[in-house]
Amino acid sequence: MEFLLQVKNATNQIVMNCADIDIITASYAPEGDEGESPAGFYLKIKINLLISFANLKKFYFTDPIPCLRDLWRFPWKSSSSGGVWSRRDGGNLGFKATDARRAFPCWDEPAIKATFDISLVVPKDRVALSNMVSFKFSIFHSSLAVLVRIYTPVGKAEQGRFALEVAAKTLPFYKDYFNVPYPLPKIDLIAIADFAAGKVTRFITALLIDPKNSCSSSRQWVALVVGHELAHQWFGNLVTMEWWTHLWLNEGFASWIEYLCVDHCFPEYDIWTQFVSADYTRAQELDALDNSHPIEVSVGHPSEVDEIFDAISYSKGASVIRMLHDYIGDEDFRKGMNLYLTKFQQRNAATEDLWESLEKASGKPIAAVMNTWTKQMGFPLIYVEAEQQEDDRVLKLVQKKFCASGPYTGEDFPMWMVPISICTSEDPSCAKMQILMDKPELTVVLKDTKPEQWVKLNLGTVGFYRTQYSPAMLESLIPAIKDLSLPPVDRLGLQNDLFSLARAGIISTVEVLKVMEAFVNEPNYTVWSDLSCNLGILGTLLSHTDFYEDIQAFVRDVFSPIGERLGWDPKPGEGHLDALLRGLVLGKLGKAGHKATLEEARRRFKEHVEGKQLLSADLRSPVYVTVLKHGDSSTLDTMLKLHKQADMQEEKNRIERVLGAIAQPELIQKVLTFALSEEVRPQDTVSVIGGVAGGSKQGRKAAWKFVRDNWEELYNRYQGGFLISRLIKLTVDGFANDKMAAEVKAFFESHPAPSAERTVQQCCENILLNAAWLRRDSDSIEHFLQHPMGIGP
């Protein structure tokens with residue numbers, strides 16, 4: 001390796017980033033002289049590399065040797081035949097976020113950009129790919145002057161067609177949206193057989209779609225992944241964050257615009273409603289904790305970088321950009337983005353630079369507004385009550401910090417500048433008033449609003465806040481849920497706000513269960529998905545009681561009508577969302593022990609296994625989870641056989657995610673042992689263990705013991721990446737007593753995991769919150785469930 005430097009100021013040393021590399025020799029050449037060894041040079045540097053010299057111009061490293069510590073750090077190993085280092089092994093360099101230093105000594109920081117000339121010695125039967133054309137690719141100049149290709153494992157080329165088509169639609173969309181061309185001459189999408197972390201890595205399942213065997217959710221996931229990663233060519237590569245504090249500029253923006261892109265390519269997906277369920281509410285759940293963090297967070301060590309690749313940077317970042325886009329308006333937002341990308345292309349930028357460009361384009365106080373969202377953690381709860389004055393409705397709004405632990409009681413008074421939209425039943429899809437709430441309390445007057453009209457805040461669930469209505473206002477909104485006059489995304493937002501208020505102890509859980517009964521006529525997939533998720537959270541909580549079966553009966557009552565309407569087989573004219581809804585509802589009913597669903601699932605599973613009638617891809621997960629939940633050792637053995645026979649990684653992952661549904665203790669242990677076997681890719685082990693922990697109370701205890709007993713192996717495998725945090729969260733988040741919180745805390749004090757330190761704190765906080773919720777509401781929930789009023793239209 002050779003580095004050519006321009007030394008502008010006198011110095012006698014340089015510090016480079018370097019980790020886990022053995023340096024054999026090093027030399028430098030001042031002013032083109034022959035190389036000589038630098039004074040004070042050390043071999044086998046583990047953290048930083050210190051070189052002392054005089055009059056440096058060039059210096060060389062001879063044969064730096066990366067340490068192949070394990071599968072997860074540099075260099076990534078990839079096997080396309082499913083074995084370990086099989087005959088068709090490949091390699092792919094994973095430099096995100098601070099792993100370039102594991103490949104060679106360098107300045108591994110966002111603001112220190114460099115160009116590289118790379119030479120590779122490659123066997124004749126292999127293909128070497130880079131993001132540039134250094135390897136003399138032949139370039140096909142399309143109308144974009146960009147070549148778009150996809151590389152897949154041998155024999156799976158046709159499965160790459162969908163992702164290729166999405167990429168071909170995405171690049172011109174971004175070019176038009178930013179009014180900035182794609183900065184490179186070509187783009188390759190690569191379906192790598194094994195990889196470890198984040199969206200960019202799990203490409204074997206995030207790029208390949210089999211028309212016959214891939215489910216609808218997989219197609220949607222591929223579209224989102226392609227949209228996200230291609231957005232980084234502008235936000236991340238063309239303009240790079242100045243320092244890790246501004247990580248969210250890369251990830252939050254890409255996580256927002258991936259939805260904008262998919263909505264453009266596939267409007268039938270209703271993807272923005274799904275955004276609210278998948279990103280917006282997920283971010284609010286995390287950000288309501290005392291152990292959350294601001295979007296912009298100071299970073300001083302590589303382990304801290306890994307820790308902030310979380311729902312705050314991605315999902316809250318995307319949510320506040322969505323709110324900002326709505327506040328500014330699309331036209332001015334696009335103008336501002338063009339100013340930003342043009343000014344800082346091939347350079348680095350900070351959050352303030354983006355605000356300056358958007359402020360210039362819109363004329364609005366962007367920095368003042370957005371600093372309240374990015375520099376402080378948390379978000380507000382807006383309490384609203386109404387009073388009718390003749391033909392007008394007077395609203396009183398009060399904002400306070402929303403806390404998962406209940407009403408905010410802190411001595412300080414955090415405040416946000418909140419863009420608020422208000423609609424009425426006169427036109428539920430259009431804002432009657434838009435305001436910027438820049439003070440703790442605000443009174444607004446809605447002119448010409450009749451007494452019988454309902455009023456709702458946060459049209460489209462765009463503002464990043466929770467809303468608590470006065471009892472009278474909430475009661476007036478219930479008929480709008482039943483008759484569907486409230487738009488789907490607003491029905492979802494209303495229900496999710498109520499559920500979060502109940503978890504926090506601000507209202508009663510019974511009040512939410514009563515509102516859930518109003519969704520009996522609900523046709524929308526994403527609304528049902530969010531309801532299902534919240535009932536799942538409540539079910540996990542009540543698994544610690546002796547009336548767990550009662551909540552399962554409630555689930556059967558709520559989901560049975562929509563299950564009967566949908567049936568098992570697609571009807572003419574159905575589309576993407578109908579397929580997603582059918583899978584969701586049947587899986588929910590099956591797990592809850594709905595008799596007719598269980599019987600039909602067993603019949604179809606038997607025919608599938610015997611090869612008489614293969615299950616459609618969209619029905620496999622609900623059928624698999626149903627038969628496993630109510631199955632025995634024979635069922636599990638059959639499922640493991642299907643896993644072994646599966647050619648598609650999507651099918652293997654589908655099976656791995658549901659194995660934890662098995663109920664018997666000895667079979668739970670068998671699944672956990674399987675998780676660490678060579679049958680499961682190391683990056684997928686976490687999903688198997690997490691599935692066990694989420695499958696039952698017994699599974700949760702067994703998974704936690706398994707993680708403790710195998711901690712050394714698991715930590716060595718996943719340390720420093722996001723998977724260690726995911727493993728911890730999936731394993732312990734469902735506990736609900738103070739003793740378990742203390743046990744989890746004590747274990748990680750004696751078995752530290754630096755990159756997951758905040759995750760451990762959040763999990764302990766969640767366990768204590770669950771325990772408080774159970775103590776507070778279990779008696780009233782039990783009484784409600786055991787004295788049902790009946791669900792009807």
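Ground rules first. The model is predicted, so local features need pLDDT of at least 70, side-chain atom pairs count only at pLDDT 80 or more, and totals for chains, interfaces and linings use all residues. Numbering runs from 1 along each chain as its sequence is written, and side-chain values use heavy atoms, with hydrogens and water left out.

Let's start with the helices. They are DSSP runs of H or I, at least four residues, numbered from the N terminus. Helix 1 covers residues 161-178, and helix 8 covers residues 330-344. They pack at an angle of about 95°, with axes 8 Å apart. Axes here are lines fitted to C-alpha atoms over the stretch in contact, and angles run from 0 to 180 degrees between N-to-C directions. Helix 1 and helix 8 are therefore roughly perpendicular, the word for angles of 65 to 115 degrees.

Who makes the contact, meaning heavy atoms within 4.5 Å? Helix 1 brings Asp176, Tyr177 and Phe178. Helix 8 brings Asp330, Phe333, Arg334, Met337, Asn338 and Leu341. By class, that contact has 5 nonpolar, 1 polar and 3 charged residues. Nonpolar covers Ala, Val, Leu, Ile, Met, Phe, Trp, Tyr, Cys and Pro; charged is Asp, Glu, Lys and Arg; the others, Gly among them, are polar.

Next, helix 3, residues 216-231. Ser216 sits in this helix. Is Ser216 buried or exposed? Buried, at 10% relative accessible area. The cut-offs: buried is under 20%, exposed is over 50%, partly exposed is in between, with a 1.4 Å probe and protein chains only. Beyond four places in sequence, Ser216 contacts His576, Ala579, Leu580 and Asp618.

Glu229 is in helix 3 too. An unreviewed UniProt entry puts the feature "active site" at Glu229. Such annotations may be inferred rather than shown by experiment. Glu229 is buried, at 13%.

Now a loop. Asp569 lies between helix 15 (548-566) and helix 16 (576-591). Asp569 is partly exposed, at 43%. Setting aside neighbours within four places, Asp569 contacts Arg582 and Arg604. The C-alpha atoms of Asp569 and Arg582 are 8.7 Å apart, for 13 residues along the chain. With Arg604, the Asp569 side chain makes a polar contact of 3.1 Å, side chain to side chain. That term means N or O atoms within 3.5 Å, one able to donate a hydrogen and the other to accept it.

Last stop: Asn534, in helix 14, residues 525-542. Asn534 is buried, at 4%. Residues up to four places away aside, Asn534 touches Gln495, Asn496, Phe499 and Met516.

Definitions and conventions: Helix = DSSP H or I, 4+ residues; strand = E, 2+ residues; numbered from the N terminus. Parallel < 35°, antiparallel > 145°, perpendicular 65-115°, else oblique. Contact = heavy atoms within 4.5 Å.
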